[in-house]
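Work through the exercises below with the sequence and the model side by side. Try each task before reading its solution.

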Amino acid sequence: MIQQRIKRKLYKLTHPVVGEIWMLHRVVEHVSNVPEQKELEVTVAWLEQKINEYRSKGYTFVSIDNLPEHGRWVCLTFDDGYRDNHTLAYPMLKRLSVPFTVYVTSGFIDNQLSMWWYPNQQLGMSSDELQLMDANPLCTIGAHTVSHPKLDTLTREQQYREIAESKQTLEALLGHEIKHFSFPHGAHNDDTLAICRELGFRTVVQSWGGPLRRGENPYPLPRINMTTK
Ligand SMILES: [Zn+2]
């Protein structure tokens, strides 16, 4: 027990934290009162303040396409493909020149499928909005399956379809390769990882795990859930 703790301490000393990949979902004007929804929401003012706070502490904001091995950085990511990422977050991120990634669930584009955790609301981004954002070098679009299932509850074939189809749909819409993937609900197993490698995803991210340390390049990458709590 003590030996393990010493080992961990030594590891931390020799592998200092270099970066944090932040996981966000919705960016809103006012946070909801519904607990399950509140967890997925931050206000645009809160996010802007966090970015400024980290910048003043010497952190740089970097793209998922190019995570540095040194320095102190933050990589901003949004899951699902909410319309407010385009209408509220994007103008602020452009103004501050902050790179960001949006992992889009392809079925949510143009609200073909609904997000069941937001009943009776059409919150998905349109194809046009997605194309507009993708044209800006600050923005990286990643895939996030077709219908947002828990991948580890599916057969390998079903997983393959969910992952590959979302990649293909986004590639057809945007006209370039999609290199990054995020697991819905963070759920994954060995098949998920093997499929992602087979399809050529350069990075995959999960929904937990804390910061990234020097010399680490895990598949999947850890993230930090950013909420206003
Ligand atoms: Zn998601």
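Helices (H or I, at least four residues) and strands (E, at least two) are DSSP runs, numbered from the N terminus. The model is predicted: local features need pLDDT of at least 70, side-chain atom pairs count only at pLDDT 80 or more, and totals for chains, interfaces and linings use all residues. Residues are numbered from 1 along each chain as its sequence is written.

**Exercise 1.** Locate proline 220 and decide: is proline 220 buried or exposed?

Solution. Start with the position. Proline 220 sits in the loop between strand E10 (212-213) and strand E11 (221-225). Next, apply the cut-offs: a residue is buried if 20 or more other C-beta atoms lie within 10 Å of its own, exposed if 12 or fewer, and partly exposed in between, with C-beta atoms placed from the backbone. Proline 220 has 20 other C-beta atoms within 10 Å, so proline 220 is buried. Now list contacts (C-beta atoms, placed from the backbone, within 7 Å). Leaving aside neighbours within four places in sequence, proline 220 touches His188, Val204, Val205 and Gln206. Finally, take serine 182, 38 residues apart from proline 220 along the chain: the C-alpha separation is 8.9 Å.

**Exercise 2.** Which way does E1 run against E10, E5 and E11?

Solution. Pairing requires at least two DSSP bridges between two strands. Strand E1 (residues 17-24) pairs with E10 in the antiparallel sense, over two bridges. There, valine 17 stands opposite arginine 213. With strand E5 (residues 73-80), E1 pairs in the parallel sense over six bridges. E1 and E11 also run parallel, joined by two bridges. Check methionine 23: its bridge partner is threonine 77 in E5 and asparagine 225 in E11.

**Exercise 3.** Classify the packing of helix H6 (residues 156-174) and helix H7 (residues 190-198).

Solution. Axes are lines fitted to C-alpha atoms, for helices over the stretch in contact; angles run from 0 to 180 degrees between N-to-C directions. The H6 and H7 axes come within 10 Å and cross at roughly 45°. Angles under 35 degrees count as roughly parallel, over 145 as roughly antiparallel, 65 to 115 as roughly perpendicular and the rest as oblique. H6 and H7 are therefore oblique to each other. Last, the residues: Arg156, Gln159, Tyr160 and Ile163 in H6 meet Asp191, Thr192, Ile195 and Cys196 in H7.

Technical notes: Contact = placed C-beta atoms within 7 Å.
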